[in-house]
Amino acid sequence: MGAGISKLLHGQLASPSSSKVVEWETSFLNPLTPRTADVRRALIILNQPFSLHLLETVWKTCPWRCCADGGANRLHDLLGDALTEDGQQLRDLYIPDLIKGDLDSLRQDVRGFYSSKGVPILHDLDQDSTDLMKCVRALEEKEVTERNEHEIIFLGGLSGRLDQIVHTLSYLHKLRRARKKVYVITDENVAWVLDEVCRRVIGCILGMSLMPVKGQHRIRIDHDLLGPTCGLLPVGVESTTLSTSGLRWNLDDRESSFNGLISTSNHLVPEEQFVAIKTSRPIWWCAELRRKD
């Protein structure tokens, strides 16, 4: 009786076995992967350069596509006047479901083209949110109506202006609690945030609260797509404690911070199908994409 009351007074942790391993994979980067009904994905195109190959690959795996303001210029200009083998305008095959933002970057010719194709173009003047945030909000409204959740892929966001790169890093750090899986891709990298896990603590007066414990993650590695380099970046946290397996240089309860160790230029191991990571705080995982010549 006394021991039970003591646990309620001081708080009782859920058992360590309750920690769940989060599974990750990047099949959306494989052009041969068929779209599956059980995984809904949304593509948000940012105002940064990307290749036709990368666009074709992720477009196929995302049934909902949105351009963040000037991202529509990038989409429009990349496709140009190219024709398919049967003479169809390639640009007509890549019509987004929405263009949204403050529209200070969207060119008039691009606006006219997509308007003629029936694409909704939403002018959002909210100065407290970026074009990227406005597109995510549009997706959230769609999800409420349809009662489903999407994985999100940001096309762009890790190149160009430093302030925009930092915004991408910051925004995904914040999104990690609201959404299950959000990825950022460029022609050079794929990256996402690996979260800590919060377990419930029982308190007799304050009720339920949350306490962070090590997040456990397992990443399936497609060596035809990823590598050889990868990294674990402690962005947005003072420090984290990391343990890994499946890397060339693994970490065993090592502290990682901007003032200390950062695991950059690590390598994937060809014989390893998975990389396992435990982290005490949220951390960015990134992997190099193999070039498609």
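Y183 and W192 are both buried (under 20% relative accessible area, with exposed meaning over 50% and partly exposed in between, for a 1.4 Å probe and protein chains only). For Y183 the relative accessible area is 1%, and W24 is also buried, at 5%. The model is predicted, so local features need pLDDT of at least 70 and side-chain atom pairs count only at pLDDT 80 or more, whereas totals for chains, interfaces and linings use all residues. Residues are numbered from 1 along each chain as its sequence is written, and side-chain values use heavy atoms, with hydrogens and water left out.

Six aromatic pairs are found in a search of the whole structure. Rings of Phe, Tyr and Trp (its six-membered ring) pair if their centres lie within 6.5 Å; planes under 30 degrees apart count as stacked, over 60 as edge-to-face and the rest as tilted. The W24 and Y183 rings are edge-to-face because their planes lie at 85°, with centres 5.8 Å apart. This pair links distant parts of the chain, 159 residues apart: W24 belongs to strand β1 (residues 21-24) and Y183 to strand β7 (residues 182-185). Strands (E, at least two residues) and helices (H or I, at least four) are DSSP runs numbered from the N terminus. Y183 also forms an edge-to-face pair with W192, at 5.0 Å centre to centre and 75° between the planes. W24, F28, Y183 and W192 are linked by ring pairs into a cluster.

The charged end of R91 lies over the F113 ring, 5.4 Å from its centre. That of R218 sits over the ring of F274, 3.8 Å from the centre.

How values were computed. Lys NZ or Arg CZ within 6 Å of the ring centre and 35° of its normal.
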